[in-house]
Amino acid sequence: MSKSIRLGEIAHARSGDKGSHANVGVIAYNLAGYQHLRSVLTSEAVETFFARLNPIQVERFELPGIYALNFLLHDALAGGASQTLRTDSQGKTLALAILEMPIPPPENLAPLRRGC
Amino acid sequence: MSAKSIRIGNGAGFWGDNLDAPRLLAQRGELDYLTLEYLAELTLSILAHQRTKDPASGYVTDLVDVVRSIGPQLAGSPPLKLVTNGGGMNPVGCAKAIARVLVESGLGQLRLAAVTGDDLLPQLDDLLAGGESFSHFDTGKPLGNLRRKIVSANAYLGAAGIVNALADNAQIVLTGRIADAALVVGPAIHEFGWRWDDWHRLGAAIVAGHLIECGAQVTGGMYSDWNPRIDLSTVGYPIAELRDDGASVISKPPGTGGEVSVGTVSEQLVYEIADPCQYFTPDAVANFANVQLTQQGENEVLVTGGTGAAAPTSLKVSMAYHDGFTTSAMIVVVGPHAEGKARSAAEAIRARVETAGYELDEFAFECLGAGDSLPGMDLWRQSSQEIVLRVAARDRRREAIDRLARELAPLVTSGPPGITGYTGARARSRPVLAYWPTTIPRELVQTNVDVRTAQEWLV
């Protein structure tokens, strides 16, 4: 089994809030990266990664036009911007967090990187 | 109407955004329309609170200075048009305040519209009596006893009020709560003469509206592929050049910093969305899934493939209700064992508040600098000899929160060594205005448009 890679090696991301839910959009740098993400970045994997934020459900949606997956983390913001006691009341840091997520490597990493 | 394309620039993504951005966009953007989006989910509840103290207030006061600063463009040829939701809880009061500035600037004949009808609070009891339950959008819980704690209740209006105002030759359109994308959809329908059931083009315009509604977030701000060569100190605010077929080009004024690339635009496309196939607005349900982005020039991205489906039968309503009190405060802890000292200081605060007779409903602390900004995830955990301790609490009783706020300063002399940075004013307790998203059948909401010249507004 080869070593995992950092999600941030093949994608970039943005996150924010939808009420007490958070959303995290993950954008692959190219089609090959998107195809890899579709197979390894499942809603279950994302739910496990963010388990400490206690999402009650994670939904995954696809935006093939821009090679992106969007994750909706239900109730992951401890009450949302108006009620949470967290510094990151609006989930802005989840994007940088998910880019640190270890994922299974593709067979050939080079063509999935930025600029390819 | 048969414009081939229109240029719409958005100079504000929230109330508190860069004060100079609207003026710089108006000066350099070659715009047909300037939009300013000011209302986050809970901004209206703050404005509602202001209006209870002073009936003439309740709108975004920044707007008055903004209008003064873009006077030359409003008087220009062709004249710039301004469409904004900065009317907040009081579009009529806002129109009067802006009219005063316009008359002072010699623009007394300029026509201003106030779009109202979003504020449901005056009719809320009648609507409840009529059988509306205003159940929570996510949980399905009925509003019930929370009714007596509601401080604001606003429906998201669609583009119709803007379109009617523009048709009546308004040059400035002031709305309250309105779908953010309607600030772009309204001008598009007015200029291109689109039908109200031309769902695909409405959907495509919604995509453009979504892309520019957060200001510099599409021109390099917040970009996760940040690098120091992207100059954000002079970041340009976004322009959508929208075509009659619904496609658009996102750009920014020449000579500004930031970046408009497939990367920055794609990040904004996914910002704060749920199902990309169903982005609900009052005018159409847009579909983002097949949007394609093409770099067609330096800092120019072509946006195609946005589509839409029929408008929903209900409108979203955002309510805010009083839910106790809260505060947060920070102190700096340095030296060996900084994190351990910070944790024990936080526990001391909690214990002292408890000894004073208040078991707090909710108490939390974070050791910032040690990796606590995402609680428990340990992604950025590191040993640090310099930590910001942030404590926060929520309680039904204001006096419990006030007591907590008092407990930080004594730590300087009665806590672990190395505590500093507590030199500002004591943290203040503030009311929690909690969010209650719900819906209402659209036929129960009526949009009103009042268009007058600046001079007439002052009569």
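# Notebook: a walk through chains A and B

I began with a strand pair in chain B: strand β10 (residues 285–287) is joined to β13(B) by three bridges, and the two run antiparallel. I note here that what I am reading is a predicted model.

**Entry 1: the sheet and the helix on it**

Stepping back, I saw an open sheet of three strands in chain B, ordered β9-β10-β13, with antiparallel pairing. I marked β9 (279–280) and β13 (307–309) of chain B as the edge strands, since each pairs on one side only. A helix sits against this sheet: α9(B) packs on it and touches β9, β10 and β13 of chain B. I noted its direction too, which makes about 120 degrees with that of β13(B).

**Entry 2: a closer look at α9(B)**

Next I looked up the length of helix α9 (residues 199–212) of chain B.

I wrote down the buried stretch: L202(B), G203(B), A204(B), A205(B), I206(B), V207(B), A208(B), G209(B), H210(B), L211(B) and I212(B).

**Entry 3: β7(B) and its two partners**

I then turned to β7 (239–243) of chain B. On one side I looked at strand β1 (residues 5–10) of chain B, which pairs with β7(B) in the antiparallel sense over five bridges. Within that pairing, I8(B) stands opposite A240(B). I also looked at strand β8 (residues 248–251) of chain B, which pairs with β7(B) over four bridges, again antiparallel. A240(B) turns up here as well, with I250(B) as its bridge partner in β8(B). A reminder to myself: strands of a sheet pair through backbone hydrogen bonds, either parallel or antiparallel.

The hairpin of β7(B) and β8(B) has four residues between the strands, and there I found G246(B) with a positive phi near 100 degrees.

**Entry 4: helix α7(B)**

Which residues of helix α7 (residues 160–167) of chain B are buried? I listed G161(B), I162(B), V163(B), A165(B) and L166(B). I checked what these buried residues pack against, and in chain B the list is β2 (33–36), β3 (81–84), β4 (111–116), β6 (172–175), α8 (182–192) and β19 (448–453). Following α7(B) comes N169(B), and its phi is positive, near 65 degrees.

**Entry 5: salt bridges**

I searched the whole structure and got 29 salt bridges over all chains. The general idea is that side chains of opposite charge can pair when their charged atoms come close.

I picked D225(B) to start, which forms a salt bridge with R114(A), with the closest N and O atoms 3.0 Å apart. D225(B) lies in the loop between α9 and β7 of chain B and R114(A) in the segment after β6 (102–103) of chain A, so this pair joins two chains. I found D225(B) buried, at a relative accessible area of 16%.

Then I looked inside helix α3 (residues 62–69) of chain B, where D65(B) and R68(B) both lie, three residues apart, about one turn of the helix. Their side chains meet in a salt bridge of 3.2 Å, N to O. D65(B) counts as partly exposed at 45% relative accessibility, and R68(B) counts as partly exposed at 43%.

In helix α11 (residues 338–355) of chain B I found E339(B) and R343(B), four residues apart, about one turn. Their salt bridge has its closest N and O atoms 2.8 Å apart. R343(B) is partly exposed, at 28% relative accessibility. I traced the links onward to a network of salt bridges made of E339(B), R343(B), D372(B), D378(B) and R381(B).

**Entry 6: S15(A)**

My last stop was S15(A), placed in strand β2 (residues 11–18) of chain A. Its relative accessibility is 1%, so S15(A) counts as buried. Which backbone nitrogens does its side chain reach? I found that of L94(A) at 3.4 Å and that of A95(A) at 2.9 Å. Beyond its neighbours within four places in sequence, S15(A) has contacts that include N23(A), V24(A), G91(A) and, from chain B, Y271(B).

Notes: Residues numbered from 1 in each chain as written. Chains lettered and ligands numbered in written order. Predicted model: local features only at pLDDT ≥ 70, side-chain atom pairs only at ≥ 80, totals over all residues. Heavy atoms only, no water. Buried < 20%, exposed > 50% of the residue type's maximum accessible area, 1.4 Å probe, protein only. Salt bridge = Lys/Arg side-chain N within 4 Å of Asp/Glu carboxyl O. Polar contact = N/O pair within 3.5 Å; in protein donor to acceptor, adjacent residues only side chain to side chain. Contact = heavy atoms within 4.5 Å. Pairing = 2+ DSSP bridges. Axes fitted to C-alpha atoms, helices over the stretch in contact; angles between N-to-C directions.
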